Amino acid sequence: MALSILTAAVGAVCLIMLAALWRSRHFLRSLCFSALTGNAALLAVCWSGTFTGIALSPNLFTVGAATLLGLPGVISLLVVKLIFGA
């Protein structure tokens with residue numbers, strides 16, 4: 001049950017993000033910029049993980065969150081990592 005609620009929440013956030021990008025006048029440019037900044041931030045977090053002790057492994061979930069949600073997605077992943085320590 002908790003997994004289905006989490007899946008629904010993630011789906012809702014992704015739809016909200018796509019709707020916000022769609023409302024901009026340049027959907028493709030906004031999506032590419034969001035993906036570029038998100039993946040650059042994920043790369044920076046992975047590289048700085050040896051110094052800070054907090055590292056995000058680049059897997060399908062983290063790259064997907066960084067690509068679709070951009071910088072706020074990476075920050076959210078870091079907050080979840082800090083809170084739950086997983």
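Leu71 lies in helix H4, which covers residues 71-84. This is a predicted model. The protein has four helices and zero strands.

**Whole protein**

- The C-alpha atoms fill a box of roughly 40 × 35 × 20 Å, taken along the principal axes.
- The protein has 86 residues, and 21% of them are buried.
- Its accessible surface comes to about 6200 Å². Carbon and sulfur atoms account for 79% of that surface.
- Take the contacts with a separation of 6 or more: 57% of them join residues 24 or more positions apart.

**Helix H2**

- Helix H2 runs over residues 27-52 and has 26 residues.
- From its first C-alpha to its last, H2 reaches 35 Å. That is close to the 38 Å expected at 1.5 Å a residue.
- H2 has a kink of about 30 degrees. The kink is centred on Cys46.
- The buried residues of H2 are Ser34, Ala35, Gly38, Ala41, Leu42, Val45 and Gly49.
- Gly53 follows H2. Its phi is positive, near 85 degrees.

**Ser34, in helix H2**

- Ser34 is found in helix H2.
- Ser34 counts as buried because its relative accessible area is 9%, and the cut-off for buried is under 20%.
- Leave out residues up to four places away in sequence, and Ser34 touches Met17, Ala66, Thr67, Leu68, Leu69 and Gly70.

**Thr62, in helix H3**

- Thr62 is found in helix H3, which spans residues 60-69.
- With a relative accessible area of 7%, Thr62 is also buried.
- Set aside the neighbours within four places in sequence, and Thr62 is in contact with Leu42, Ser57 and Leu77. One of these, Leu42, is among the buried residues of H2.

**Helix H4: Leu71 and Gly73**

- Leu71 has 42% relative accessibility, so this residue counts as partly exposed. The partly exposed class sits between the buried cut-off, under 20%, and the exposed cut-off, over 50%.
- Gly73 is found in helix H4 too.
- Gly73 is buried, with a relative accessible area of 4%.
- Gly73 and Cys32 are 41 residues apart in sequence. Their C-alpha atoms are 15 Å apart in space.

**The nonpolar surface patch**

- Leu71, Ile75, Val79, Val80, Ile83 and Phe84 form a nonpolar patch on the surface.
- Together, these six residues have about 600 Å² of accessible area.
- Leu71 opens the list of patch residues, and Leu71 lies in helix H4.

**After helix H4: Gly85**

- Gly85 lies in the segment after H4.
- Gly85 counts as exposed because its relative accessibility is 60%, and exposed means over 50%.
- Gly85 and Ile54 are 31 residues apart along the chain. Their C-alpha atoms are separated by 9.2 Å.

**To recap**

- Leu71 is partly exposed at 42%, whereas Gly85 is exposed at 60%.

Terms used:
Residues numbered from 1 in each chain as written. Predicted model: local features only at pLDDT ≥ 70, side-chain atom pairs only at ≥ 80, totals over all residues. Heavy atoms only, no water. Helix = DSSP H or I, 4+ residues; strand = E, 2+ residues; numbered from the N terminus. Buried < 20%, exposed > 50% of the residue type's maximum accessible area, 1.4 Å probe, protein only. Contact = heavy atoms within 4.5 Å. Areas by Shrake-Rupley, 256 points an atom, 1.4 Å probe, with all protein chains shown as cover. Patch = residues over 30% accessible without salt bridge, like charges linked within 9 Å, V, L, I, M, F, W, Y side chains within 5 Å. Salt bridge = Lys/Arg side-chain N within 4 Å of Asp/Glu carboxyl O. Expected span 1.5 Å × (residues − 1). Bend = angle between axes of the 7 residues up to and from the residue.
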